[in-house]
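Here is a short briefing to read alongside the structure. Have the model open and follow the topics one by one.

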Amino acid sequence: MTQVCIIGAGPAGLLLGHLLRAEGVDCLVLERQSPDYVLGRIRAGVLERVTVDLMERLGLDARLKAEGLVHDGFNLADGERLIRIDIAALTGGHVVVYGQTELTKDLMDACGPRGLEVVYEAANVALHDVESDAPHVTYEKDGRLHRVDARIIVGCDGFHGPSRKAIPASVGKNYEREYPFGWLGILADVPPCNHELIYANHERGFALASMRSHTRSRYYVDVPLTEKIEDWPDERIWDELSIRLGPDAAAHITRGPALEKSIAPLRSFVFAPMRHGSLLLCGDAAHIVPPTGAKGLNLAASDVLYAAQALTAFFKRNDADAISGYSDKALARVWKSERFSWSLTRLMHRFPEDGPFERAMQVAELDYIASSVAAQTSIAENYVGLPV
Ligand code: APR
Ligand code: PHB
């Protein structure tokens with residue numbers, strides 16, 4: 001028997017597990033994959049303040065502080081020039097570039113020393129009686145069926161996990177938009193072409209210049225969903241990036257062999273409610289954003305902040321109101337981040353159905369942003385992270 005059973009040991013599950021443990025709430029984490037598999041996922045790493053604050057609060061921010069890159073701005077590009085969004089001047093804040101893999105590793109490394117129990121390679125996790133006050137979870141491991149009785153279950157099991165599906169279709173509502181392109185990403189041990197990120201909308205399509213450190217770069221170009229990664233040798237990717245990022249950036253691109261390259265689809269997705277009976281959902285289990293706004297990890301963090309507050313109130317002060325209010329509170333921030341991510345995706349990508357007029361509107365909007373502090377402030381306050 002435990003107080004909270006968390007499903008999923010990605011960033012959401014581990015952040016929540018550590019927060020609950022620190023508050024003296026008994027919890028157990030069940031993860032389908034192995035630790036190496038979880039760490040093998042390549043994910044964005046632009047951290048908003050909410051994420052940095054949680055790591056600080058947990059005392060797990062040492063490497064983040066030592067290795068994270070503080071960015072005071074980022075750039076939009078239209079194929080000719082860079083339009084810098086001065087986050088620091090416009091919001092007084094900044095973002096920190098620190099790979100999600102590193103953040104997950106910091107959380108994983110702390111599980112043993114802090115007594116956070118994670119069961120890896122837990123197969124066929126299934127949720128039972130989530131509408132009751134005595135739900136339980138079953139899973140298989142070492143050839144045996146195991147049962148975990150808990151008062152609350154929190155689904156941190158990502159888009160493909162079982163938790164969201166444990167909420168009856170009569171209760172849940174899906175909001176979804178799939179995009180008609182994917183992002184082809186390349187990871188290489190070469191210095192970044194710019195000290196800040198560049199999001200480009202070129203005549204030929206979207207490109208993003210990002211990084212993991214001063215010596216490791218992460219780049220993307222958007223491609224039709226029909227594209228196959230085997231049709232994209234490294235040189236073809238570097239050539240396309242050099243065109244789409246514009247001449248200034250291209251002049252500073254250092255080419256090198258891909259450590260990893262893959263094509264990922266983009267979608268906007270929200271499932272409501274994020275709580276049903278004794279089940280709460282956090283992170284990708286409840287919502288997906290296109291990576292354009294770098295919101296995925298940071299939305300998982302704000303969900304976890306709200307869930308930890310609610311569960312601590314419930315278990316330590318016998319106050320059930322916060323749990324009742326969790327879904328509305330989390331969704332209020334989710335929807336605003338979904339809007340920003342969707343809006344920036346529409347501004348920065350060429351859509352197949354778009355004609356010359358739509359292109360002209362994108363160019364005009366970028367030109368307006370270049371000339372308007374008000375427009376830049378709106379983008380900056382969304383990118384740096386809306387209040388929690
Ligand atoms: N049983 C147990 N664990 C499961 C199951 C299952 N049936 N299905 C999925 N999981 C695990 C996955 O293996 C993964 O480790 O749940 C975890 C979910 O982690 P993420 O998908 O990383 O989601 P989340 O923790 O919400 O973090 C969101 O991760 O995917 C990125 O872009 C996303 O940056 C965002 C962040
Ligand atoms: C990344 O570095 O992988 C990255 C950065 C910013 C984004 C998306 C991905 O918006």
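This is a predicted model: local features need pLDDT of at least 70, side-chain atom pairs count only at pLDDT 80 or more; totals for chains, interfaces and linings use all residues.

Axes are lines fitted to C-alpha atoms, for helices over the stretch in contact, and angles between N-to-C directions run from 0 to 180 degrees.

**Helix α12 against helix α13**
- Helix α12, residues 356–371, packs on α13 at an angle of about 100°, and their axes are 5 Å apart.
- Angles of 65 to 115 degrees count as roughly perpendicular, so α12 is roughly perpendicular to α13.
- On the α12 side, the contact is made by Y368, I369, A370 and S371, which meet V373, A375, Q376 and I379 of α13.
- Sorted by class, this contact has six nonpolar and two polar residues, with no charged ones.

**Helix α11 against helix α13**
- Helix α11 (residues 321–348) packs against α13 (residues 373–384) at about 125°, with 10 Å between their axes.
- That angle makes α11 oblique to α13.
- The two helices, α11 and α13, cross in a left-handed sense.
- Here K336, R339 and F340 from α11 meet I379, N382 and Y383 from α13.
- The residues of this contact comprise three nonpolar, one polar and two charged.

**Around ligand 1**
- Ligand 1 is surrounded by 23 residues, and the closest are E31, R41, R43, Q100 and D284.
- R41 places a polar side-chain atom 2.7 Å from an oxygen atom of ligand 1.
- D284 has a backbone N or O atom 2.9 Å from an oxygen atom of the ligand.
- For A12, a polar backbone atom is 3.0 Å from an oxygen atom of ligand 1.

Notes
Residues are numbered from 1 along each chain as its sequence is written. Chains are lettered from A and ligands numbered from 1 in the order in which they are written. Side-chain values use heavy atoms; hydrogens and water are left out. Helices (H or I, at least four residues) and strands (E, at least two) are DSSP runs, numbered from the N terminus. Angles under 35 degrees count as roughly parallel, over 145 as roughly antiparallel, 65 to 115 as roughly perpendicular and the rest as oblique. A crossing is left-handed if the near helix is turned anticlockwise from the far one by less than a right angle, and right-handed if clockwise. Contact means heavy atoms within 4.5 Å. Ala, Val, Leu, Ile, Met, Phe, Trp, Tyr, Cys and Pro count as nonpolar, Asp, Glu, Lys and Arg as charged, and the others, Gly among them, as polar. A residue is near a molecule or strand if one of its heavy atoms lies within 4 Å of it. A polar contact is a pair of N or O atoms within 3.5 Å; within protein, one must be able to donate a hydrogen and the other to accept it, and residues adjacent in sequence count only if both atoms are side-chain atoms.
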